[in-house]
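Please keep the model in view while reading the numbered points.

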Amino acid sequence: MRRTTAAASVVTMLVPLLLAGAGASTASAAANGSLTVRTLDRSGKPVYAQVAVYNTTTNDFRYIEGNKKTSLPKGSYELATSFTGGNSEDGVVGGHSVKVSGATTTTFDARKGRPVKVSISPAPGSGYDHSVSAAVCTTDNSPATMSMSAAPGDLYVIPNSSKAYELAYGTTYEPRSTTGGDFWLASATHSRGVPSGVSATLRKSGLTTLKVYARSGPDSGQAQFSFNGEPTGGHDCSSSMDILDIQRDLPNSFSVHVPAGQWTVGQQGNDFIYGGFHKYAAGKTTALTLGHAVWGPGGQLPYTWYHQLYFGNDNPFADPTLTAGGVLASGTVKLTHAGRTLYSHKYSPSQELGAQPRIPGSGWYTITETGHRDHLPAGSLSTSSSLSLHFYADAGKNQQIRAYITRFSPEALNSRNQAASGSTTTIDLGMQRNGTDDSTIARLSDSVKSVRAWYTTDNGSTWHAVTTKLSHGKWTTTVHNPASGRVGLRSTVTDTHGDSSTTTVYNAYAVI
């Protein structure tokens, strides 16, 4: 299985390639230019600023410092900047194009800035810190984008009539209380130029509500929740506004109200989990339960591809809602066939396993993966897991294997994923069989023949068999909880073709 990792955003510097000989002299001649970008605050004094500089011909992108001469090749450039005035309060954003030829100077003068005023109606009420934001972007989606946030009355935008630029603007209301209250974010985009100021009232009716129930157990302590919107309608600039980060102690519950559209959510505490983009409609409320027991194996099943076995995209500690992450995991993975080990590897946290060993032919294979999460606080849940897949693979066909991965979902636990002493807990046994999203890889029909389940209260020294039952298409089992401690879970699913999978999670939930 391939470990899933969080991808960090990076800016790539595209530097023109200088060749030896005649090519080098040509490049040197082309580079005979310089640019000085004067950045002036609202009193007309020079102030420090970073300026995004993009060459529209060579695609060279870099950041330069305002009020300093920088050597640049001759050419046409798109510029964007944001900076704070000398009073450390006023925020300024602006963007315009310039042609560099010889020693060139251009200016961003905050005295030409016009106010950005954005609010939500009806207003969220008292007890909130209110801020406004703006971003200047290019309509060709170049990296020359800069943004700024400030208190109401302290944000200014420098107008530009060029249709090569656009302005995104927004506002947030964050509760002053660190233990409760809703969060509000609204945004909009002005295309075809940067206007001479903004005075906008954005309606609550255009927002969607995400109600977050963040449990503790698999993770604990303080966590940061991130909400990131995906641009819609071609306005990529709006992505600079549609960002909301919240810090709360686990367990916690709160609501965020954000523009309708595509959003991705993440939670980072001792561990990090995140999910893909999902569409949320205006005026609707969606509940998101994060950190629910059990974090366990999940993801795509392996598949064959031209006599190779691709392990797929698996995560040994997938949250039921935010299924990517669990980046603290380390462990082992092994592939065997006919009593022989074909592949064996130890992986460390945040490491990808792009394994695709060649398989000798069609037949029965077994993949065994173990995982454990290190450096967690004492008492953490979902600390170790394992998955064993025994399946028939046709080496000559490009198709996914038959198997099911059990996703354990204990019912009626509290916000710390705890059951009451001596109670019984119903466990939903979800039969997960995710595809690859690749139409060239065939998916075989399959159905469940039998499901067996066990639980442990002594970290696997003893396993107790429990009865499973199928009702209305859902498999469940019931665990008789001890007086206190931790409960681990195991399930073996066998399909009608003889393939089988065993899923195990230690310290799945707690009993108090």
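1. Overall make-up. The model is a predicted one. Its protein chain contains one helix and 40 strands. The chain has 512 residues, of which 51% are buried. Along the principal axes, the C-alpha trace extends over about 80 × 65 × 35 Å.

2. Contacts along the chain. For contacts between residues at least 6 apart in sequence, 71% connect residues at least 24 apart.

3. Surface and charge. The side chains include 41 positive and 34 negative ones. The centres of these two sets are 2 Å apart.

4. Pairing of β1 with β7. Strands of a sheet pair through backbone hydrogen bonds, in either a parallel or an antiparallel manner. Strand β1 (residues 33-40) and β7 run parallel and are joined by eight bridges. Within this pairing, V37 has T106 of β7 as its bridge partner.

5. Strand β12. How many of the eleven residues of strand β12 are buried? The number is ten, so the strand, which covers residues 165-175, is largely enclosed by the rest of the structure. The cut-off behind this reading is that a buried residue has under 20% relative accessible area.

6. Partners of β12. Strand β9 pairs with β12 in the antiparallel sense, over eleven bridges. In this pairing Y128 stands opposite P175 of β12. Strand β13 (residues 183-190) also runs antiparallel to β12, and seven bridges join the two. Here Y169 has A188 in β13 as its bridge partner.

7. Cis peptide bonds. Which residues does the cis peptide bond with omega of about -10° join? They are S121 and P122. P122 sits in the loop between β8 (114-121) and β9 (128-138). A cis peptide bond also leads from L250 to P251, with omega near -5°. The position of P251 is in the loop between β17 (243-249) and β18 (252-259).

8. Positive phi at S88. The phi angle of S88 is near 60°, which is a positive value in a residue other than glycine. S88 belongs to the loop between β5 (75-84) and β6 (91-100). Is S88 buried or exposed? Its relative accessible area is 62%, so S88 counts as exposed, the threshold for that label being over 50%.

9. Positive phi at H472. H472 is likewise a residue other than glycine with a positive phi, in this case near 55°. The loop that holds H472 lies between β37 (468-471) and β38 (474-480). With a relative accessible area of 86%, H472 is exposed.

Definitions and conventions: Residues are numbered from 1 along each chain as its sequence is written. This is a predicted model: local features need pLDDT of at least 70, side-chain atom pairs count only at pLDDT 80 or more; totals for chains, interfaces and linings use all residues. Side-chain values use heavy atoms; hydrogens and water are left out. Two strands pair if DSSP finds at least two bridges between them. Helices (H or I, at least four residues) and strands (E, at least two) are DSSP runs, numbered from the N terminus. Buried means under 20% relative accessible area, exposed over 50%, partly exposed in between (1.4 Å probe, protein chains only). Contact means heavy atoms within 4.5 Å. Lys and Arg count as positive and Asp and Glu as negative; His and the chain ends are not counted. The place of a charge is taken as NZ of Lys, CZ of Arg, CG of Asp or CD of Glu.
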